[in-house]
Amino acid sequence: MHSRTVAVVMTTSKVLTAVVSCATALMLVHIIPDLLSVKTRELFLKNKAAELDREMGLIRTQEETGRHVRMLTHEIRSTLDRHTILKTTLVELGRTLALEECALWMPTRTGLELQLSYTLRQQNPVGYTVPIQLPVINQVFSSNRAMKISPNSPVARIRPIAGKYMPGEVVAVRVPLLHLSNFQINDWPELSTRRYALMVLMLPSDSARQWHVHELELVEVVADQVAVALSHAAILEESMRARDLLMEQNVALDHARREAETAIRARNDFLAVMNHEMRTPMHAIIALSSLLQETELTPEQRLMVETILKSSNLLVTLINDVLDLSRLEDGSLQLDLGTFNLHAVFWEVLNLIKPVASVKKLHVTLNLAQDLPECVIGDEKRLMQTTLNVVGNAVKFSKEGSISITAFVAKSESLRDSRAPDFFPVPSDDHFYLRVQVKDSGQGINPQEIPKLFTKFAQTQTLATRNSSGSGLGLAICKRFVNLMEGHIWIESEGLGKGCTVIFIVKLCIPERSNESKSPLLPKANHGQSSFPGLKVLVLDDNGYMKSSHLCSNVLGLVCSCLTRLRSCFYLVSRMVTQGLLAHLGCDVMAVSSSDECLHMVSQEHKVLFIDVCMPDGFEAAVRLHEKFTKRHERPLIVALAGNTDKVTKENCMRVGMDGVILKPVSVDKMRSVLSDLLEHWVLFDAM
């Protein structure tokens, strides 16, 4: 019975145990996946934490690297001297990365070697070179990354032998030398292709330390910053060199300008001296010849006197040409615009040229168009000088045949000329363009030599060999005059022996009707008195002792010393000639030689006072005369005798209150015309 009970109990226990086991198994089926999920999440979180730690470490490393880069960049860019940039780079890298040595290899001028240029510890002599074609160098230059190289490499042997110690790791990186084709540094080659320098960095010997990635990145960034800084330094050096060169050029230009101004002043002084000194004897020759012409002469004597006068006038024209060219070159010559008779200009040219042409048996004709205006506004003197030069050349270079002068109003369709692209005529109702053609049957010109004719002191080879006379100034001055008158001049010729045609176009204005009716159309010599009996005239002219040292520079000293020897004779003759002209016209003439003597001798009885303005006190005499005679009707009319009648001379004469200006030399007819106009109009600023 007891055994049976025990058996029942055991069976019950087993059943209950089985039930509990089944229940536990059923519970574990639900609990195990949860446990596995928790374990998996725990492992994931551990991995995330480790990854975050690595990222934080990387961020801290990057921040440290960035701080070092900024610090190095600041130090490198704190100067624009390339030597300081490179030395600062090595020092800062050595301090930041705790390097044992740092060196920079630069390419040589030939580009075939690398030269040891800078070192951190200066343990090896600078100047040591290695071939640039070494495999290790090519390997570094082919990559933009910092690369580890062998400590035994030739570019790494820049520290003392370490003995038994192990050398530290060595890194090399290329430093780009930016394209410098637009500038060149003093001791660097001109880099027309991309080249590199080599930077070598060494860790301390006998150290277990190795290069980290962030350190290599730091080295790469610094290498790029050094390249940028070097390019800036090169640009600065080039700009400073360019500035110094520009300053030298400016100094040279300023020196050349001062020399040119000195030369111009010397030339102007020379021309002023020569102008005055040449006009003084010419004044005597023309005046005395004109006086002689009015006496009773045999036909042979009269022909001689007329020849003297014509030759003298041609010489005066040459003097005017030289002076005009000088004023044209320095820009001081301006047109003297006024109303004049255009037809009379051409007839006067014809009358002047006919005697010369008749000697060579040349037939000269003048054709004026019917619609050509008679009264115009322009520079009469320059137009006549241009026409006379052109016609004179035609006569000079023609041995036989004829010369025709044609003048007409240029039509609008014929104004434009491909040979003058800068000539832009503008049609208008208040002006027109005069076209003058001078055609000859002379030697002709080679078309290739035509442009040379408008160069001063130049003649074509053909003309120079056939006719050596002439100054070579005529056409050069004509071109300048025509340009001033807003025109154009050119030459047409079919070749040697076929003659040529000179054509020029100038702009002239049309006066208003009211002015046209008042304009004098007759020559001035045709009106006025022929003599002035009893007219009291005072002449203030130099007595020959005037000094000219103020006009003479060192260059002109010899010329001036020679001229001074002739000056006394010339001035005495000049004053005698002026007195002779006035006396021939019936004037009562008195001559004085200084402003003090002039003021002492002048009185209300004197009607005209001639003052040679080339005297040192010529203008002063006019001022003092106005102070002495406050009322105009009490003082004599003051007329300047001038060596030139440019704008400055006229302005000076008007400033001191002179009533007129006449240009030497003066003939009898010219003096007669001057006195007539002066006494009639009480002013004379147009007698040239």
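Which residues is Leu-434 in contact with, leaving aside its neighbours within four places in sequence? In this predicted model, its partners are Leu-342, Phe-346, Leu-372, Leu-383, Ala-407, Phe-408, Phe-504, Ile-505, Val-506 and Leu-508, contact meaning heavy atoms within 4.5 Å. Residues are numbered from 1 along each chain as its sequence is written, and side-chain values use heavy atoms, without hydrogens or water. Local features need pLDDT of at least 70 and side-chain atom pairs count only at pLDDT 80 or more, whereas totals for chains, interfaces and linings use all residues.

Leu-434 also belongs to the largest nonpolar core, of 45 residues, where Leu-342, Leu-434 and Ile-491 touch the most other members. Such a core is a set of buried Ala, Val, Leu, Ile, Met, Phe, Trp, Tyr and Cys residues joined through side-chain atoms within 4.5 Å; buried means under 20% relative accessible area with a 1.4 Å probe, protein chains only. Elements supplying at least two residues each include helix H6 (342-359) and strand S11 (431-440), and H6 gives the largest share, 7 residues. Helices (H or I, at least four residues) and strands (E, at least two) are DSSP runs, numbered from the N terminus. Another core, of 31 residues, lies apart and has Leu-99 and Val-222 among its members.

Turning to the sheet, five strands form an open arrangement in the order S15-S14-S16-S17-S18, with parallel pairing (at least two DSSP bridges between two strands). Strands S15 (588-592) and S18 (660-663) stand at the edges with a single partner each, so one side of each has no neighbour in the sheet. S16 (608-612) and S17 (637-642) pair over 5 bridges, and Leu-609 has Ile-638 in S17 as its bridge partner.

Terms used. Buried means under 20% relative accessible area, exposed over 50%, partly exposed in between (1.4 Å probe, protein chains only).
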